[in-house]
Amino acid sequence: MEGAREYLAAAETVVRVVTDIDAPELADLDDRLPAGARDAGALVRLADTWNLSGPVNRLLNALSR
C-alpha cells in the first residue's frame, strides 16, 4: 500500500479520494481481482477508441497473474 501513496496524492487532483468510510461499510467488500476480463476483446476495442491502451494493457496484465 505504501507504493500507492504517490499515486493517490496525484489522483486526488483528478478524482476525489474517499477517506471517510467506516470499516463496517467495507466488511462485505470483495477486493479480490477477477480471474480475467469478462470480454477482453471489447475492452481492447474500447481502449483503442479512447486511446487508453497503456492503462488497459496494465489492467489485463494484472488480471492474468
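A patch, in the sense used here, is made of residues with over 30% relative accessible area and no salt bridge, where like charges are joined within 9 Å and nonpolar side chains (Val, Leu, Ile, Met, Phe, Trp, Tyr) within 5 Å. The structure is a predicted model, in which local features need pLDDT of at least 70 and side-chain atom pairs count only at pLDDT 80 or more, while totals for chains, interfaces and linings use all residues. Residues are numbered from 1 along each chain as its sequence is written, and side-chain values use heavy atoms, with hydrogens and water left out.

On the surface, V18, I21, L26 and L29 form a nonpolar patch, and together they have about 360 Å² of accessible area, a value from the Shrake-Rupley method with a 1.4 Å probe, in which only the protein chains shown count as cover for residues. One of these residues, I21, lies in the loop between α1 (5-11) and α2 (23-26), where helices are DSSP runs (H or I, at least four residues) numbered from the N terminus. With a relative accessible area of 40%, I21 is partly exposed, a class that lies between buried (under 20%) and exposed (over 50%).

The structure holds 1 salt bridge, which is defined as a side-chain nitrogen of Lys or Arg within 4 Å of a carboxyl oxygen of Asp or Glu. In this salt bridge the side chains of D30 and R32 meet, at 2.8 Å from N to O. D30 is partly exposed, at a relative accessible area of 46%, whereas R32 counts as exposed at 64%.

Two packed helices are described by the angle between their axes and the distance between the axes. Helix α3 (residues 40-50) and helix α4 (residues 53-63) pack at an angle of about 155°, and their axes are 8 Å apart; the axes are lines fitted to C-alpha atoms over the stretch in contact, with angles running from 0 to 180 degrees between N-to-C directions. The two helices, α3 and α4, are therefore roughly antiparallel to each other, a description that applies to angles over 145 degrees.

Between α3 and α4 there is a loop, and N51 is found in it. Most residues other than glycine have a negative phi. The phi of N51, however, is near 55°, a positive value in a residue other than glycine. N51 is also exposed, with a relative accessible area of 68%. L52 is found in the loop between α3 and α4 as well, and L52 is partly exposed at 39% relative accessible area. The C-alpha atoms of L52 and V18 are separated by 24 Å, and these two residues are 34 residues apart along the chain.

Methods. Buried means under 20% relative accessible area, exposed over 50%, partly exposed in between (1.4 Å probe, protein chains only). Angles under 35 degrees count as roughly parallel, over 145 as roughly antiparallel, 65 to 115 as roughly perpendicular and the rest as oblique.
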